[in-house]
Amino acid sequence: MLLIGLPACDGVPDSRPKERASGEISVAAAELDALARESGALPERERSDPAGRYGRRHESGSDSLCLVPDEERVERYRFGIESRMGEEQCQGMGSASLSRDKLLLRFEGHGDGCLIVARYEGDGIVMPGAQDVRCAALCSSRGSLAGVRFPRLDRDAAAAKSMRDSAERSLCR
């Protein structure tokens, strides 16, 4: 019994949707995208702007990060970061840029030469588990930014610019 090729030859038209060569989005796909954006599953382009305040308090300290638009460079940001774990701390500032879901943090001043490629999740920023040795200058002897997650507090760039560090200095300069 040879039935291998028979289902394709049954004379019934294929009911599966054909791919559109022109790249048009069907009405159903557009509606699904709209529902996904509405539910938050698919971020809107304007909601992907990382500017704002990030931070949290935890039993061993606190983590703070501010991100504000750079007034001199388009699609660039200025940031300040402080992470406190008991007596240990990390602190730095610099410039940042967003590339898809990656936030490139280039530290200046203390920690100059340190580059961290953090993951931007829309509702938070997550530091990688391993970092360049040049980033050690940002932290006290046993401090580290490895794996620190900064949940988003708000999207208010003005509030981010007014954030203070633990010594009451401006975090985002």
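Buried here means under 20% relative accessible area, exposed means over 50%, and partly exposed covers what falls in between (1.4 Å probe, protein chains only). The structure is a predicted model, in which local features need pLDDT of at least 70 and side-chain atom pairs count only at pLDDT 80 or more, while totals for chains, interfaces and linings use all residues. Residues are numbered from 1 along each chain as its sequence is written, and side-chain values use heavy atoms, with hydrogens and water left out.

Disulfides come next. A disulfide is a covalent bond between the sulfur atoms of two cysteines; the working cut-off is a pair of cysteine sulfur atoms within 2.5 Å. The structure has 3 of them, and with bonded cysteines counted along the chain they follow the pattern 1-6, 2-5, 3-4.

Cys-66 pairs with Cys-172, with 2.1 Å between the sulfur atoms. Cys-66 sits in strand 2 (residues 61-69) and Cys-172 in the segment after helix 2 (157-161), so this pair ties together parts 106 residues apart in sequence. Helices (H or I, at least four residues) and strands (E, at least two) are DSSP runs, numbered from the N terminus. The S-S torsion of Cys-66 and Cys-172 is about 115 degrees, so the disulfide is right-handed. Cys-66 is buried at 0%, and Cys-172 is buried at 4%.

In the pair Cys-90 and Cys-139, the sulfur atoms are 2.0 Å apart. Cys-90 belongs to strand 4 (residues 88-99) and Cys-139 to the loop between strand 7 and strand 8, 49 residues apart. Both cysteines are buried. Cys-114 and Cys-135 make another disulfide, at 1.9 Å; its torsion is about 95 degrees, so it is right-handed. Cys-114 is buried at 2%, as is Cys-135 at 3%.

Then there are the salt bridges, each a side-chain nitrogen of Lys or Arg within 4 Å of a carboxyl oxygen of Asp or Glu. The count comes to 11. In one of them, Asp-154 meets Arg-53, the closest N and O atoms being 2.7 Å apart. Arg-53 is partly exposed, at 26%.

Asp-123 turns up again here, bridged to Arg-149 at 3.4 Å, N to O. Arg-149 lies in strand 8 and Asp-123 in the loop between strand 6 (115-120) and strand 7 (124-126), so the pair ties together parts 26 residues apart in sequence. Arg-149 is partly exposed too, at 28%. Together with Arg-119 and Glu-121, these two residues are linked in a network of salt bridges.
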